[in-house]
Amino acid sequence: MSVLVTGGAGYIGSHVVDLLRQRGEDLVIVDDLVTGVVERINDLPLLQINLADTSATPKLEQFMRDHAVDSVIHFAGRKQVAESVAEPARYYRDNVGGMANLMLAMEAAAVDTMVFSSSAAVYGEPTTNPVKEDTATHPINPYGQTKLIGEQLLKDARAAGWLQAVGLRYFNVAGAATPLLSERHALNLIPMVIERVLAGRAPRVFGNDYPSRDGTCIRDFVHVIDLAEAHLVALDQLRSGQPASDVYNVGTGRGASVLEVIDAIGKAAGRDLVPEIAPRRDGDPVAVVADVSRIEAELGWKSRLEVTDMVESAWDSWLATH
Ligand SMILES: NC(=O)c1ccc[n+]([C@@H]2O[C@H](COP(=O)([O-])OP(=O)(O)OC[C@H]3O[C@@H](n4cnc5c(N)ncnc54)[C@H](O)[C@@H]3O)[C@@H](O)[C@H]2O)c1
């Protein structure tokens with residue numbers, strides 16, 4: 001029996017691939033390598049297709065049968081919010097259409113288990129904090145909508161009786177186990193600050209007059225190694241037939257402010273960073289922190305690593321890969 005990892009050549013997927021390999025699982029990968037890095041999966045069997053291609057379903061079904069797949073961890077998805085706003089149809093086609101194709105193939109090949117990469121983007125701009133799984137979902141961009149629709153697809157397939165699945169709602173993911181597995185693109189706070197610092201520019205802070213402990217926004221940063229472990233725990237829960245909820249928040253339950261993160265990057269870099277204060281951006285809630293009591297109670301998972309671990313590994317990896 002083997003596990004199919006879609007998006008296994010990507011940043012988070014490759015961390016999970018590493019952990020699954022370490023415990024001796026048989027693995028196969030589906031990835032179109034648009035943002036994935038093939039060296040991360042080296043000798044593993046790879047089906048290189050866009051999940052959303054019209055011909056994808058029969059190819060996926062055959063691949064699952066050929067490799068005796070019994071479960072799927074589904075990471076493959078486009079994830080750039082700004083791109084999703086500019087090109088919504090492509091995001092719906094790739095993220096929603098791709099997932100539907102994958103699920104059609106699973107049903108045809110009698111593969112009944114899935115762990116899905118969802119996102120805190122499903123909450124949009126939550127007005128309560130910490131954010132619980134039953135906090136209202138109001139995505140504010142097409143990317144977040146595609147994740148919410150993905151969760152709905154899982155719910156409907158569960159109701160139809162053939163699927164057992166959970167969606168993991170990641171908060172702010174950061175850090176790396178090794179430079180090869182690290183995030184290569186400066187889309188989030190930590191890589192964006194690192195990129196500016198290395199370019200000799202001051203890190204930028206959008207608003208320092210929020211009602212928080214130091215006036216800057218508070219976010220929940222989770223180390224990608226901890227996040228990867230959450231996937232194994234979720235997969236094991238489903239495989240063992242134990243009850244599982246539809247969705248789980250994956251974060252630390254603790255918030256770090258933008259200034260605290262910049263301070264930690266300064267320490268990792270051995271530099272005294274003086275941020276440049278820019279006006280607030282529209283739609284940035286003051287604090288978004290996960291309530292992680294559900295995943296702790298039901299799956300026994302808890303984050304272990306801290307912001308300093310994320311920042312140090314992100315800094316070292318960025319230097320090694322750029
Ligand atoms: N990185 C984050 O902060 C974050 C936060 C919340 C949710 N997520 C979700 O986690 C998943 C993995 O994110 P990541 O950070 O590893 O991104 P990534 O871009 O590094 O990895 C995605 C992988 O999937 C592949 N892929 C994308 N769309 C595909 C398609 N239609 N068909 C085949 N392959 C495809 C890419 O080539 C890449 O290897 C995504 O679904 C993303 O939306 C990420």
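A salt bridge here is a side-chain nitrogen of Lys or Arg within 4 Å of a carboxyl oxygen of Asp or Glu. The views below show a predicted model, where local features need pLDDT of at least 70 and side-chain atom pairs count only at pLDDT 80 or more, while totals for chains, interfaces and linings use all residues. Numbering runs from 1 along each chain as its sequence is written, and side-chain values use heavy atoms, with hydrogens and water left out.

**View 1. Salt bridge between E229 and R304.** The closest N and O atoms of this pair are 3.4 Å apart. Between domain 1 and domain 2, the count is five salt bridges.

**View 2. The two domains.** Domain 1 covers 2–173 + 221–250, and domain 2 covers 175–220 + 252–321; these bounds come from an automatic or database domain assignment. Their C-alpha centres lie 24 Å apart. Each domain brings 37 residues to the contact (heavy atoms within 4.5 Å).

**View 3. Area buried between domain 1 and domain 2.** About 3500 Å² is buried here, with carbon and sulfur atoms giving 61%. Buried area is the accessible area (1.4 Å probe) that two parts lose on being put together, summed over both. On the domain 1 side, look for F221, H223 and D226: they lose the most area to domain 2, together 23% of what that side buries.

**View 4. Polar contacts across the domains.** You will find 18 residue pairs in polar contact between domain 1 and domain 2, both residues at pLDDT 80 or more. Such a contact is a pair of N or O atoms within 3.5 Å; within protein, one must be able to donate a hydrogen and the other to accept it, and residues adjacent in sequence count only if both atoms are side-chain atoms.
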